[in-house]
Amino acid sequence: MKKTILILALAAVLAAACSGPVSPQDKLTANDKKINELIAQMTLEEKVNMLHSKTNMSSAGVERLGIADMNYADGPFGIREEGVPNGFQSAGWTLDSATYFPTGSALAATWSEELAYKYGTGMGKEARLRGKDVILGPAVNIQRLPVGGRTYEYLSEDPILSAALSLEYTKGVQDQGTAVCIKHFAVNNQETNRGSVNAILSERTLREIYLKPFERAIIEGGAMSVMPAYNKVNGDYCSENEHLLNEILRGEWGFKGFTVSDWGGTHSTMGAMLHGLNVQMTGSNYLGQPVIDSIKAGKLTEDLVDEKVRQILRVRFAIEPVPADVANTVMTSQPESQDIARQVAEKSIVLLKNEGKVLPISKDVKTIAVIGQNAVLKTQSGGMGAGVKALYEVTPLAGIEKRAAQAGVEVSYAPGYKNFPGRRWGRGPAAPETNPLVASAIDEPADPFLMSEACEAAANADLVIFFGGTNKSIETEGSDRQNMDLPCGQNELVKALKAVNPNLVTVLISGGPTDLCELEPVSPAIVQGWWNGTEGGTALAEVLFGDIAPSGKLPFTFPAKLEDSPAYAMGNFPAKNAGGDLFSLMYRPDVMKMTREERQKLIDSMPKPESHYTEEFYVGYRWFDTRQVKPMYAFGHGLSYVEFDYEDMKATAGKDAVKVTFQLENEGSMPADEVVQLYVHRVDSQVEWPAKELKAFQRVSLNAGETKTVTLEIPFKDLRYWNEATNAWDLEHGKLQLLLGSASDDIRETAEVTI
């Protein structure tokens, strides 16, 4: 008997060895036998009931069979507070204050896969404390427009950087027992007409640029759910797009989980059922009774419903439900997550300019004038998009005051300019604004009294720190910015500050790029501070006072002017006809102040424009470098308080990858991180390529005076292009020039290989 057991065990080991490693997606099928047995016990009505929302943030299970509901958590940068069952209004709970993590563009500015993973673990753990099964994130669409309303949520203009961070975020969340819902699939690059716009682009552009972050998170990270975007891609809504959902996602990438529409993003019964959607959020007008009626009429089959339920249950079996008496029993925000948020903020801060080494703050500085409302305004919420009810948020001023007190430095504050509260929702004129610190228009000139007060404070200080930028109502889901201008007379104010005190530092608090043409010449030092989460003020003070060296790098280009960016230069944005926003019209009657009938009329009359991606794969720095257009600050740019030396670059092309090694030295007197970047230029290519493309990167930590050997690898699969003639990936053989440097416009070493 023992011999038989031993033989069987050995056979099982051999079979496992021969079958090879199980892919992250294939792991979802482990319970298919049990799932099929459950499906056989369900009525058609019970199965169809799983294909649509139960509440605003859940979809149904089957209670009599012990199948728990699926509970969703909104917000890719913090677990959103609990809302009422059928709306987004607060439920008024006390334990749902979460950690506010730095937003997507800040995470991307770290260029750190390690921190992206930690970020995901923090999100995943806090979701479990709230009893949530699925996080509606990460949001990974490519930043195509400098003015995009969700630039702050998304990661980068570059697919390699976005894909690497998306993968690690996904793994971090799912390793904690929470599923991700990676979004918005796909080509969701504008908020203007997002509910109806048709994004038209070539297959090569789609594959090489816009799908890469999704592809890696799904194939390598095992992302368990996917949210189709509101928009159309090449003629079909994403929620019923055969090419995206069935051919690519499930067919080529082997996706085994389920898809859930964006809220209000389902458009038909037959289209959704036949072309890849599993769950309608919210409502049941498409994937409810109409599905049952269609089966009775012979238009759909129950087998199709079974397959969709099977895909949902795979995730349900993979994610253990949190019992109701366990969920929401402790505060959502936990110290370990707060520490992760601080680490990300510290590594995200980008030193754009440091003329005369104004930073770090000199020990000779005894008085600091902090000017600008962005030093005190909190960024955890605002606008139309998901926010976070943060347990606490350290503002920039609070961080500076605390650190200054340790050094015996006196800090004064003046608001300097009015704050624009954002888009005016609803009909009719806004009520007269009586608050002297609130602007009635985004382009309102500088207020003379506030400017005079600020200049007086600046004149009496050793150092001026001006806080400019935007806010969460100016950069918001549901609308794109009209321009990149600094609002409310900030340019006028900073010039006045420079006139009274040339010892000036500017800190920009924003999610995306701003127009710095007027500010850059007058500010000796400029720091990009982002919407940096619950510990943002702490991290910023550490960098300003030199406790740590700045090490963030821009994840997107800062154009000198908006018209230089590719979508504008090609005349592809903005469209002439803009309508209402689908989400706000459907789900935010509290801000729209319209009747349901009025809102539905606007939905029905929404324009259906086309957005032509004729710039193709020349997105971001690819465009600027190829067209030789000088930006204000280049992709990958970011200074430090130390200098780094790159030497002894060696490159080889192996069987499956290009390998590069070099020596990196910290020539300064303090520990610092450098983000090394490896770009590729094709030599004598027969295929069209941008001038250079990022293909590998690494964050390297070095002590003062330390030298390290750094190794970077470029897998051949990342050097392929989508051959539209054969409709497949192809590798062009020939010479590659490898460009190693500290930014896309700061190349230190070069080498050549042949593949």
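**Exercise 1.** Is Glu 616 buried, partly exposed or exposed?

*Solution.* Start with the scale, on which buried means under 20% relative accessible area, exposed means over 50%, and partly exposed lies in between, computed with a 1.4 Å probe on protein chains only. At 29% relative accessibility, Glu 616 therefore counts as partly exposed. Finally, look at the backbone, where Glu 616 has a positive phi of about 55° although it is not a glycine.

Before going on, note that this is a predicted model, in which local features need pLDDT of at least 70 and side-chain atom pairs count only at pLDDT 80 or more, while totals for chains, interfaces and linings use all residues. Residues are numbered from 1 along each chain as its sequence is written, and side-chain values use heavy atoms, with hydrogens and water left out.

**Exercise 2.** Describe Trp 111 in the same way.

*Solution.* Trp 111 sits in the loop between helix H4 (104-109) and helix H5 (113-129). Its phi is near 50°, a positive value in a residue other than glycine. With a relative accessible area of 1%, Trp 111 is buried.

**Exercise 3.** Work out how helix H15 (residues 448-459) and helix H16 (residues 490-500) are arranged.

*Solution.* First take the axes, which are lines fitted to C-alpha atoms, for helices over the stretch in contact, with angles running from 0 to 180 degrees between N-to-C directions. The axes of H15 and H16 come within 9 Å and cross at roughly 30°. Angles under 35 degrees count as roughly parallel, and H15 and H16 are therefore roughly parallel to each other. Then list the contact, meaning heavy atoms within 4.5 Å: the residues include Met 451 and Cys 455 of H15, and Leu 493 and Val 500 of H16.

**Exercise 4.** Which strands stand at the edges of the open sheet formed by 6 strands?

*Solution.* Read the order, E11-E16-E15-E14-E12-E13, in which the pairing is mixed; two strands pair if DSSP finds at least two bridges between them. Strand E11 (350-354) and strand E13 (410-414) stand at the edges, each with a single partner strand, so one side of each is left without a neighbour in the sheet. For E11, pairing with strand E16 (residues 525-528) is in the antiparallel sense over 4 bridges, and the bridge partner of Asn 354 in E16 is Ala 525.

Definitions and conventions:
Helix = DSSP H or I, 4+ residues; strand = E, 2+ residues; numbered from the N terminus. Parallel < 35°, antiparallel > 145°, perpendicular 65-115°, else oblique.
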